[in-house]
Amino acid sequence: MRQGRGGVRQVTVVGLLGALLTVTKLALAWLPNIEPVSLLILVYAAVLGRRAFGAVFVFVVLEVMLWGLNLWTLNYLYVWPLLVFLAYLLRRQESVLGWAVLAGAFGLSFGGLCALLYLPLEGWHYALVYWIQGIPFDLLHCVGNFVLTLVLFRPCRRVLDRLAQEVFL
């Protein structure tokens, strides 16, 4: 299949959106578990559909390049694509409150999802302790995701809608 100029622009934009995930995460790294990555992934999936997986792939590769290959970066291989998948299923939803609830629930479940990797490696005792130990951070993640999404989902979606009109249609 021939890509042409439009295909190159699309790949470039998806790559830049993935890089934006990394940059915004780093910008707020001084706050514990407060990150705009979840919000942006929801917006990407709502506007771009399956193309959001490409941006998440770029994000995960950049995380591994920055921080090295660790267990927590392996979590990113399934945790962030899961959020894309859930948002993709709900992409027709118009309620900002619904998006905020999804973002908050994802933040609350983040530690539990990451603990799944420890089940085959360390057993269920370790995975359970790992998850319980991180609950205070999951609560912060939940609140941060909920508030950021409630406040910024609509404006971010408007911007990406405009970009998508120019690049993808």
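Mentor: Before we start, residues are numbered from 1 along each chain as its sequence is written. Since we have a predicted model, local features need pLDDT of at least 70, side-chain atom pairs count only at pLDDT 80 or more, totals for chains, interfaces and linings use all residues, and side-chain values use heavy atoms, with hydrogens and water left out.

Trainee: How many helices does the chain have?

Mentor: Helices here are DSSP runs of H or I with at least four residues, strands are runs of E with at least two, and both are numbered from the N terminus. Going along the sequence, you read α-α-α-α-α-α-α-α. There are zero strands, and the helix count is eight.

Trainee: What is the radius of gyration of the chain?

Mentor: It's taken over C-alpha atoms, and we hold it against the globule rule, 2.2 Å times the number of residues to the power 0.38. For 169 residues that rule gives 15 Å, and the chain comes close to it, so it is as compact as a globular protein of that length. The radius of gyration is 16 Å.

Trainee: Is glutamate 63 buried or exposed?

Mentor: First, find glutamate 63 in helix H3, residues 52-67. Leaving aside neighbours within four places in sequence, its contacts (heavy atoms within 4.5 Å) include Thr22, Lys25, Trp72 and Tyr76. Buried means under 20% relative accessible area, exposed over 50%, and partly exposed in between, using a 1.4 Å probe and protein chains only. Glutamate 63 has a relative accessible area of 0%, so the word is buried.

Trainee: Which residue has a positive phi although it is not a glycine?

Mentor: Most residues other than glycine have a negative phi. Look in the loop between helix H1 (4-27) and helix H2 (37-48). With a phi of about 60°, it's asparagine 33.
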